[in-house]
Amino acid sequence: KIVLDEIYIAKKKEEFTTIEVASGVGKTTLCKAIAGIVPYYMGGYYHGDVKVLGESTKGKKVSDLALKVGLVLEDYESQLVSLTAGEEVAFGLLSHGFSASEVEARTKIALEEVGLAGRESYQLDELSGGQRQRLLLATILAVKPEVIVLDEPVSAMDPEGAEELYSLLAKIHKDLGTTIVVVEQRVEFVLPYMTDIIAIKEGEVLTEGSCADALEAIYEDAAMRPLLPELWQVKCQVEAQTTTKFGLWRNVSEAITELKNKGFGNEANL
């Protein structure tokens, strides 16, 4: 069975890309392919090539690629292997051959970057689910990859936790210049931060481009439309009914302000 067919995606460095795809149609396979895990550790075949930072993943060890590409799976708990937060971050660094002094320094900095400063000695079961996910991010940040790929990172989170995680990812993207690629169905949480969208339908790319350019194509596809944030669905409906074009709404406040400015009533009757 072909899971992903004729996929061609070219992304620039330092973008914050959202891949919108329904469950069960190759989202995790795509993430693992970018990280070099597919097909070498998963079985199966693929044709063509996957290049990360200009280099093919063929013939590369996953451990070597991990210095360039960090991967956060939907089941992130399965990626945690140590007893304490400090040991978890140190484990990956030691596996890559960093010196003891470098491991100590990088562990401290990485935990600070994800808001877990001073928690080196905390047992993993003393951390909340959200904190454990941030810990996994710390293990990735410690090796300073240029790309981080995340597979539905907020699927099991409440809205507050989802907002906190994407705010953290946005800070990493801005402060460190890290390229972020996230597969997400709850796009409303990544909406304020992403630079572009790729929509994949039935294993093929439906559309790819800036948020504004890809939005219309996704909305016009009846099967993909429900994956759009409700805010964007409303935007497209109003545009279709009034022939008025609006900007790229990142949040409800932006939408209300623009609607008011264009004479569409006040907040009470929107």
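## Exposure and the surface patch

A residue is termed buried when its relative accessible area is under 20%, exposed when it is over 50%, and partly exposed in between, with a 1.4 Å probe and protein chains only. Because Tyr-41 has a relative accessible area of 60%, Tyr-41 is exposed. The structure is a predicted model, in which local features need pLDDT of at least 70 and side-chain atom pairs count only at pLDDT 80 or more, while totals for chains, interfaces and linings use all residues. Residues are numbered from 1 along each chain as its sequence is written, and side-chain values use heavy atoms, with hydrogens and water left out.

Tyr-41 is located in the loop between α1 (27–34) and β2 (51–52); helices (H or I, at least four residues) and strands (E, at least two) are DSSP runs numbered from the N terminus. Together with Tyr-40 and Met-42, Tyr-41 makes a nonpolar surface patch of about 360 Å². Patches consist of residues with over 30% relative accessible area and no salt bridge, where nonpolar side chains (Val, Leu, Ile, Met, Phe, Trp, Tyr) are joined within 5 Å and like charges within 9 Å. The accessible areas come from the Shrake-Rupley method with a 1.4 Å probe, and for residues only the protein chains shown count as cover.

## Salt bridges

Twelve salt bridges are present in the structure, each defined as a side-chain nitrogen of Lys or Arg within 4 Å of a carboxyl oxygen of Asp or Glu. One of them joins Lys-13 to Glu-146, with the closest N and O atoms 3.5 Å apart. This pair links distant parts of the chain, 133 residues apart: Lys-13 belongs to the segment before β1 (16–21), and Glu-146 to the loop between α5 (129–141) and β5 (147–151). Lys-13 is exposed, with a relative accessible area of 56%, whereas Glu-146 is partly exposed at 38% relative accessibility.

A salt bridge also connects Glu-152 with Lys-27, where the closest N and O atoms are 3.2 Å apart. Here again distant parts of the chain are linked: Glu-152 lies in the loop between β5 and α6 (159–176) and Lys-27 in helix α1, 125 residues apart. Both Glu-152 and Lys-27 are buried. These two residues belong to a network of salt bridges that links Lys-27, Glu-74, Asp-151 and Glu-152.

Lys-201 and Asp-221 form another salt bridge, the closest N and O atoms being 2.9 Å apart. Lys-201 is in strand β7 (residues 196–201) and Asp-221 is in the loop between α7 (211–220) and α8 (230–242), so this pair ties together parts that are 20 residues apart in sequence. Lys-201 is partly exposed, at 27% relative accessibility, and Asp-221 is buried, with a relative accessible area of 12%.

## Aromatic rings

A pair of aromatic rings is described by the distance of the centres and the angle of the planes. Rings of Phe, Tyr and Trp (its six-membered ring) pair if their centres lie within 6.5 Å; planes under 30 degrees apart count as stacked, over 60 as edge-to-face and the rest as tilted. By this rule the count is two aromatic pairs. Phe-246 and Trp-249 form a tilted pair, at 5.3 Å centre to centre and with 50° between the planes. Both of these residues, Phe-246 and Trp-249, are buried. Ring pairs link Phe-246, Trp-249 and Phe-264 into a cluster.

A charged group is also placed over a ring: Arg-225 lies over the face of Tyr-219, at 4.3 Å from the ring centre. The criterion is that NZ of Lys or CZ of Arg is within 6 Å of the ring centre and within 35 degrees of the ring normal.

## Cysteines

A search of the whole structure finds zero disulfides, a disulfide being a pair of cysteine sulfur atoms within 2.5 Å. For Cys-31, the closest cysteine sulfur is that of Cys-211, at 18 Å, which is too far for a bond. For Cys-211, the closest cysteine sulfur is in Cys-236, at 12 Å, again too far for a bond. Cys-31 is buried at 1% relative accessibility, and Cys-211 is buried with a relative accessible area of 1%.

## Separations along the chain

Ala-85 is placed in helix α3 (residues 85–95) and is buried, with a relative accessible area of 0%. The C-alpha atoms of Ala-85 and Asp-49 are separated by 36 Å, and these residues are 36 residues apart along the chain.

Leu-124 is in the loop between α4 (100–113) and α5 and is buried, with a relative accessible area of 12%. Between the C-alpha atoms of Leu-124 and Val-38, which are 86 residues apart along the chain, the separation is 29 Å.
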